[in-house]
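Me: Hi! I'm new to this one and would like a friendly walk through it. Could you take a look with me?

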Amino acid sequence: MSKFVVLFLFAHVLFISGFSQDKYVLSGSILDENNEVLPGASVQLSTGKGTVANAEGKYMISNIVPGIYEIKVSYIGYKTLIDTVRINGNKIYNIKLLYSPLDLQEVVITDNYAETRKKEESLNIEIANKEYLQQNLGGSLMKTIERLPGVSTIDIGSGQSKPVIRGLGFNRIVVVENGIKHEGQQWGADHGLEIDQFAVDKLEVIKGPSSLIHGSDALGGVINVKQNSIPIHNSVGGTIDLIGKTNNDLIGTSFSVYGRKNWLFVDVRATLLDYGDYKIPTDSIDIYSYKAALHNNQLRNTAGEEKNLHFTIGIIQPEFQSKFFISNVFGKSGFFANAHGLEPRNVDTDVHDKSSRDILFPFQEVNHFKIVNQSQWKKGKFKLELDLGFQRNFRQEWSKYVSHGYMPPVFPDNLSFNADLERRFDKYIYTGNLLTRYSFNEKTTFTVGINAGYQDNDINGRGFIIPAFKQLNTGVFLLAKYEFDDINMLQLGVRYDYSKIKTERYFDWFQSPVVNNNDTTYEYLQRAGQLEKSFNNISWSVGYNYNREKVSFKANIGKSFRMPIAKELAANGVNYHNFSYEAGDPDLSPEISYQFDLGLEYHIKKFAIGATPFVNYFTNYIYLNPSSDYDRLYGNGNQVFYYTQSEVFRYGGELHAHYQLLKSIKLGVIGEYVYSEQVSGEKKGFTLPFSPPASAIFNVKYQKQQLKFLENVYLSIDYRITTSQTNIVPPEEITDGYQVINLSMGGSIRIKKQSLSISAQVQNLLNTKYFSHTSYYRLINVPETGRNFVLNISIPFSGKIK
């Protein structure tokens with residue numbers, strides 16, 4: 001490996017010394033609505049380069065290397081404009097600012113970033129900006145983006161959820177935050193993502209195999225979370241967000257403040273959320289053969305809280321940037337008391353129903369600490385990017401000690417862990433990404449990168465599900481992009497990965513009887529042996545983009561892979577949440593996936609339509625297979641599920657369209673469909689677990705820039721239709737279809753000199769009782785959340801540093 005690194009660096013030295021360095025000029029005029037010049041207007045690129053308009057309203061920024069840049073234009077008394085420009089030659093970009101009667105930080109985003117990214121990405125991509133996230137604010141970040149085509153969630157109560165892209169989730173989806181892969185305990189269906197959605201500025205969902213750049217686990221797609229855009233030169237400001245929800249009585253706030261002086265900027269954010277048990281539109285639920293009554297329609301012990309802190313500091317120079325992101329995300333939430341453990345009947349309902357806001361046994365506490373450094377250096381045709389990250393994910397699951405199987409009736413006092421500590425996972429993660437881009441000429445760009453990650457996951461507690469493990473992942477990739485002209489573009493890529501995992505031995509902390517030749521002895525049973533496995537793979541991808549003014553087309557074909565995780569290789573214990581016993585297989589091989597994606601879009605002034613179909617084939621998909629065996633040592637006869645592999649064929653896609661009926665009224669539709677089938681193995685002919693049913697959203701949206709004292713007013717109505725899911729795999733049950741209506745509305749108002757942004761939602765307007773097939777609680781027949789009123793008030797403030 002060391003020889004390869006030396007060779008890699010030497011090649012870059014040759015590149016730097018061997019090629020010329022083209023730089024270009026961005027220029028133009030800055031005018032107001034009446035075509036009057038705005039001398040002194042500030043123009044700034046995301047690199048930190050900037051200037052001010054002269055007496056004739058003209059500006060010029062020179063020595064710009066080719067690339068895509070965010071541009072901010074501001075002038076006192078006018079709304080700040082944010083846009084995206086692409087520089088591949090000298091460019092003239094004229095700007096028109098809108099008048100604002102007050103000197104406040106009001107921003108007009110005419111950003112074509114989404115359009116630019118979609119044209120340059122050969123895979124299908126969805127983009128959500130700050131405005132979208134605020135208007136669709138959900139109980140978690142993943143719930144907020146669930147409306148995007150092809151995206152669904154596995155919900156764990158009202159405050160946590162896991163992403164699913166085209167029916168694939170868990171360790172088949174990579175979440176990237178500020179350039180670093182977010183690593184927690186994502187193997188668990190009851191484990192959400194530790195990301196503060198109030199700290200997110202922009203989010204990209206890449207649908208399809210993305211192993212080429214992000215390595216193992218990205219064969220289903222990537223969710224790329226971006227935070228803290230660079231503040232305007234010599235400015236201070238911030239935002240106060242206030243949020244409330246009626247269904248679970250959530251109250252919360254998120255406060256941020258930033259400042260920039262010349263080349264240095266700082267950003268600080270704190271978020272506090274507190275919520276009670278959430279309500280469902282029924283007074284009882286059927287947990288297998290037991291009917292559990294609910295108090296005031298509340299799912300008892302699903303209350304929780306979040307306490308998050310973020311600190312960002314950055315250096316901005318014309319050719320160099322470096323940003324440090326430091327965050328600590330803490331969450332505490334209860335598990336539904338009747339659905340955790342081996343006996344849901346033994347729940348003290350009087351204690352749990354006394355208050356809807358207390359968090360009693362069983363519950364989980366998760367703390368995720370993260371330090372990330374993102375640095376980039378540009379020189380001529382070269383751009384070098386380095387991302388370094390450290391994470392610690394500390395998860396504890398607590399429940400009252402109850403003797404199961406051969407556990408002693410009284411917990412011993414000589415053990416190193418608390419009697420009520422069910423499980424503890426303590427993971428340290430070290431990550432590094434080195435990437436360099438070289439623009440050979442105006443048409444050809446090469447990207448070379450190295451990824452490396454190391455994980456050390458320790459365990460503790462009385463319950464065992466997976467052993468402690470250490471894991472190493474490394475990879476190197478080459479990506480070439482060639483633009484034949486402004487219409488046609490070809491992308492080629494290849495990647496090599498090497499991974500190694502080592503699991504530790506584990507023995508029960510209590511003795512169990514062992515019968516040998518009619519002789520019974522009591523022993524500490526070994527649940528996991530020491531295992532050491534290594535994997536390697538070559539992935540590749542070929543993509544083509546065709547972009548005209550009204551029509552765009554893209555196609556991508558590629559191979560990707562995923563190495564088996566510790567749970568799949570060495571699990572051997574009870575899953576208390578699913579009332580099952582799970583067993584791994586140390587002989588599993590890596591998943592190999594081949595996928596073909598298409599994207600076609602047509603748009604004119606008032607109408608647009610697009611389709612994004614895909615076909616996908618797994619040679620050896622890993623899944624939990626229910627068996628006829630039952631566990632007799634650690635519970636009351638839980639069914640045993642074994643990890644196994646089979647060939648899987650999948651296809652589906654998304655459809656979206658909108659029509660501008662009137663100047664202020666837009667009609668839209670979003671549809672999605674996924675079909676999965678196992679074509680080999682014991683479950684041949686069955687689908688995959690958590691396969692989302694077909695669904696469509698019909699939308700009517702009213703928008704008006706000014707309505708009396710309100711600005712940027714919107715009113716949106718979603719009518720969601722979801723078909724029944726009859727294509728299931730045991731122990732799943734058929735889920736009926738449903739129809740739900742959601743409303744959202746909002747706008748901005750001014751109180752004296754202060755601007756307020758208000759967004760409101762009514763989720764499940766008719767309080768419809770329905771089941772989500774991908775819900776974590778679907779197996780025990782818990783319906784989705786009832787009617788919920790959501791109110792979010794955002795108060796921005798800003799000023800200038802002299």
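**Aromatic rings and confidence**

Reply: Happy to! In this predicted model, Trp-509 is buried, and Phe-510 is buried too.

Me: How are the rings of Trp-509 and Phe-510 arranged, and how many aromatic pairs are there?

Reply: The count comes to 28 aromatic pairs.

Me: Which cluster do the ring pairs link Trp-509 and Phe-510 into?

Reply: Ring pairs join Trp-509 and Phe-510 with Tyr-401, Phe-411, Phe-417, Tyr-581 and Tyr-634 in a cluster.

Me: Switching topic: which residue lies over the face of Phe-363? And what about Phe-771?

Reply: For Phe-363 it's Lys-332, at 4.7 Å from the ring centre. Over the face of Phe-771 lies Arg-778, at 4.8 Å from the ring centre.

Me: OK, what is the mean pLDDT of the chain?

Reply: The mean is 89, and 94% of the residues reach 70 or more.

Me: Which elements have the lowest and the highest mean pLDDT?

Reply: Strand S9 (residues 107-109) has the lowest, 40, while strand S30 (residues 506-507) has the highest, 97. Over residues 101-111 the pLDDT is below 50, and the model gives this stretch 34 contacts beyond near neighbours in sequence.

Me: Where else does pLDDT stay under 50?

Reply: Over residues 1-21, for which the model has 15 contacts beyond four places in sequence. Where pLDDT is low, predicted coordinates should not be read in detail.

Definitions and conventions
Residues are numbered from 1 along each chain as its sequence is written. This is a predicted model: local features need pLDDT of at least 70, side-chain atom pairs count only at pLDDT 80 or more; totals for chains, interfaces and linings use all residues. Side-chain values use heavy atoms; hydrogens and water are left out. Rings of Phe, Tyr and Trp (its six-membered ring) pair if their centres lie within 6.5 Å; planes under 30 degrees apart count as stacked, over 60 as edge-to-face and the rest as tilted. Buried means under 20% relative accessible area, exposed over 50%, partly exposed in between (1.4 Å probe, protein chains only). A charge sits over a ring if NZ of Lys or CZ of Arg is within 6 Å of the ring centre and within 35 degrees of the ring normal. pLDDT is the predictor's confidence in each residue, from 0 to 100. Helices (H or I, at least four residues) and strands (E, at least two) are DSSP runs, numbered from the N terminus. Contact means heavy atoms within 4.5 Å.
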